[in-house]
Amino acid sequence: MICIWYNYYNNYNRYNGYTNFVLMKKQRALIIIKPDAVQRGLSGTITKRFENVGLTIIGLKFQKADSATVIAHYPSTDIWFEKVGQRTLKNCAAKGVDPKVIFKTDDAISIGKQVKQWLITYFQESPVFIMAVEGYECIEIIRKLSGNTIPVLAAPGTIRGDFSYDSIDLANEAMRPLRNAIHASDAIEDGEKEVALWFKPEELFSYERADEKIMFP
Ligand code: ATP
Ligand code: MG
């Protein structure tokens, strides 16, 4: 019965020129063009990549980030601190470097906490360019366009691979976060939460891009 209704519903909409997807839902994501890319004049070039792929920009602004928002933006969970700290520890092990020389500890969670402190300072170095985007498969697309968190490992063609070659070694020795051009939400729930954190409801717009009818008939 549901199947008959679904086919009828879809065929009706198809006849009218578009499919009203029932199973597929649009997702939202937050992109932040970070201070390193803003200061290098890359905001327009990077924005273009998200427009080119077909995502809809539903919110856009340029502002100085306050520390409370950055603190709320990056998780304060042991899971996140551990993930970030392990990235450094893995790199130290591969290079034969003692993490205690820089971090005075070899505990992943403590290292993750130090990186978060660096992020708070880094995000306030200059204004940031904040964008909310929407579309089907949005999270998967933006992470693919962004590339590996560590720019030196990011594939050519990705934003981080094309606009930065920063490494954990360079970042940690200078006691700063990776300057990797952008932030991109990395889970569906995070996208919704982050858009709501950085944008007021009245700063978001709902409209349909002209190419949606051609791409998703
Ligand atoms: P983002 O959340 O900014 O999109 P990401 O999801 O790829 O990046 P996370 O693990 O969430 O990566 O780390 C957040 C940010 O913290 C990174 O983008 C980077 O700037 C910085 N960072 C993460 N790990 C390290 C590290 N080990 N050393 C220095 N900076 C780091
Ligand atoms: Mg992240």
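A residue belongs to the shell around a ligand if its C-beta atom, placed from the backbone, lies within 6 Å of that ligand. Keep that in mind for the first stop, and remember throughout that you're looking at a predicted model.

**Stop 1: the ligand**

Select ligand 1 and bring up its shell: 16 residues surround it, and the closest are Thr88, Thr149, Pro177, Leu178 and His183. Now colour by element. Helices α5 (78-95), α7 (108-122) and α10 (168-173), along with strand β4 (182-184), each give two or more residues to this shell. Which element gives the largest share? Click on α5: four of the shell residues come from there.

**Stop 2: zoom out**

Show the whole protein chain as a cartoon. The C-alpha trace spans about 65 × 40 × 35 Å along its principal axes. Of the chain's 217 residues, 32% count as buried.

**Stop 3: the sheet**

The four strands make an open sheet, ordered β2-β3-β1-β4, with antiparallel pairing. Look at β2 (56-63) and β4: they stand at the edges with a single partner strand each, so one side of each has no neighbour in the sheet. Turn the view and follow the twist, which averages 15° from one strand to the next.

Next, select β1 (residues 27-33) and β3. These two run antiparallel and are joined by seven bridges. To see one such pair, select Ile33, whose bridge partner in β3 is Phe129.

**Stop 4: helices across the sheet**

Bring the helices back and select α8 (residues 138-146). Helix α8 lies across β1, β3 and β4, at about 25° to β1. Then try α11 (residues 188-198), which lies across β1 and β3 and runs at about 60° to β1.

**Stop 5**

In soluble globular proteins, nonpolar side chains tend to be buried together. Here, the largest nonpolar core has 37 residues, and those with the most contacts inside it are Ala29, Ile31, Ile33, Val133, Ile142 and Ile182. Strand β3 (residues 128-135) gives the most to this core, with six residues.

Finish on Ile182. What is it in contact with, leaving aside its neighbours within four places in sequence? Select Ile31, Ile32, Ile33, Lys34, Ala37, Ile46, Ser146 and Ile159, and you have the set around Ile182.

Terms used: Residues are numbered from 1 along each chain as its sequence is written. Chains are lettered from A and ligands numbered from 1 in the order in which they are written. This is a predicted model: local features need pLDDT of at least 70, side-chain atom pairs count only at pLDDT 80 or more; totals for chains, interfaces and linings use all residues. A nonpolar core is a set of buried Ala, Val, Leu, Ile, Met, Phe, Trp, Tyr and Cys residues joined through C-beta atoms within 7 Å. A residue is buried if 20 or more other C-beta atoms lie within 10 Å of its own, exposed if 12 or fewer, and partly exposed in between; C-beta atoms are placed from the backbone. Two residues are in contact if their C-beta atoms, placed from the backbone, lie within 7 Å. Two strands pair if DSSP finds at least two bridges between them. Axes are lines fitted to C-alpha atoms, for helices over the stretch in contact, and angles run from 0 to 180 degrees between N-to-C directions.
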